[in-house]
Amino acid sequence: MVLPVKAYGHPTLRKVAEDIDKDYEGFSQLIDDMFETMYHTIGVGLAAPQINRSIRLFVVDISPYAEDYPELDGFKKVFINAQITERWGEEELFNEGCLSVPDIHEDVSRPTSIKIEYYDPEWNFHQEEYHGVAARVIQHEYDHLDGILFVDRLTSLRKTLLKKRLKDIAHGNISVKYRMIFPKVKKGKK
Ligand code: NI
């Protein structure tokens, strides 16, 4: 099932998400729904807070980048209870967008390499290093678990320039091809 995506301004996007355990209800259905939602919205990653679950879970499929980076072919993963334990390498700019912040794309500076610990859906523990685009997408999704959005990482000048557009998104004054929940739209009004 395709789930509605919470738009910028929604309080769940600002919470620090919590770990889950093996008994989390509807777990495998939730992961299926998150992938379905991510493919429907043409995203390369989706974090649980974006669909209103404040839990440390995100999914990525960065195989669309395989055209430029062949090593990313088939890179589809689920990260549960993830913790980034190290970040290193030079800060690099990369153009980012977010399903919760439609139509805004900005260069964001992040380190090139990370070490991350997480569980997969079979509850196997992993400790892995990622670099380049994979590290980029993972850091973006991971930020969602800590209540951080990519626009928070822009310079204050860029933030000022985007203020009105962000307000429009929160109020639903934007046309989006997928279903979204806009926090500042009153009930009963579209
Ligand atoms: Ni995002």
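Predicted model: local features only at pLDDT ≥ 70, side-chain atom pairs only at ≥ 80, totals over all residues.
A nonpolar core is here a set of buried Ala, Val, Leu, Ile, Met, Phe, Trp, Tyr and Cys residues that are joined through side-chain atoms within 4.5 Å.

**The whole chain.** Colouring by secondary structure brings out three helices and seven strands, arranged from the N terminus in the order β-α-β-β-β-β-β-α-α-β. The radius of gyration is 16 Å, close to the 16 Å given by the globule rule for 190 residues, so the protein is as compact as a globular protein of that length. Of the contacts with a separation of 6 or more, 65% join residues 24 or more positions apart. Buried residues make up 47% of the 190 residues.

**The largest core.** Next, select Tyr8, Met34, Leu57, Val101, Ile104 and Val151, which touch the most other members of the largest nonpolar core, a set of 37 residues. At least two residues of this core come from each of α1 (27–40), β3 (57–61), β4 (76–98), β5 (101–119) and α3 (156–170). The greatest contribution is that of α1, with six residues. A second, separate core has 21 residues, among them Ile62, Phe79, Ile84 and Ile114.

Now centre the view on Leu57. Leaving aside residues up to four places away in sequence, its contacts include Leu30, Ile31 and Met34, as well as Val78, Phe79, Ile80 and Leu145.

**Helix α2.** Select residues 132–145, the 14 residues of α2. At 1.5 Å a residue this helix should span 20 Å, and its end C-alpha atoms are 21 Å apart, which agrees. The helix is mostly covered, with 13 of its 14 residues buried. Gly147, which follows α2, has a positive phi near 75°.

**The nickel ion.** Which protein atoms are the donors of the nickel ion? They are Cys98 (SG), His140 (NE2) and His144 (NE2), at 2.1 to 2.3 Å from the ion. Their spacing in sequence is C-x41-H-x3-H. His140 and His144 are four residues apart in α2, and therefore separated by about one helical turn. An α-helix has 3.6 residues a turn, so residues three or four places apart point the same way. Finally, inspect the cover of the two histidines: His140 has a relative accessible area of 7% and His144 one of 1%. Both fall under the 20% limit and therefore count as buried.

Note on methods: Residues numbered from 1 in each chain as written. Heavy atoms only, no water. Expected span 1.5 Å × (residues − 1). Buried < 20%, exposed > 50% of the residue type's maximum accessible area, 1.4 Å probe, protein only. Donors = N, O, S within 2.8 Å, 3.2 Å for Na, K, Ca; no water. Rg over C-alpha atoms; globule rule 2.2 N^0.38 Å. Contact = heavy atoms within 4.5 Å.
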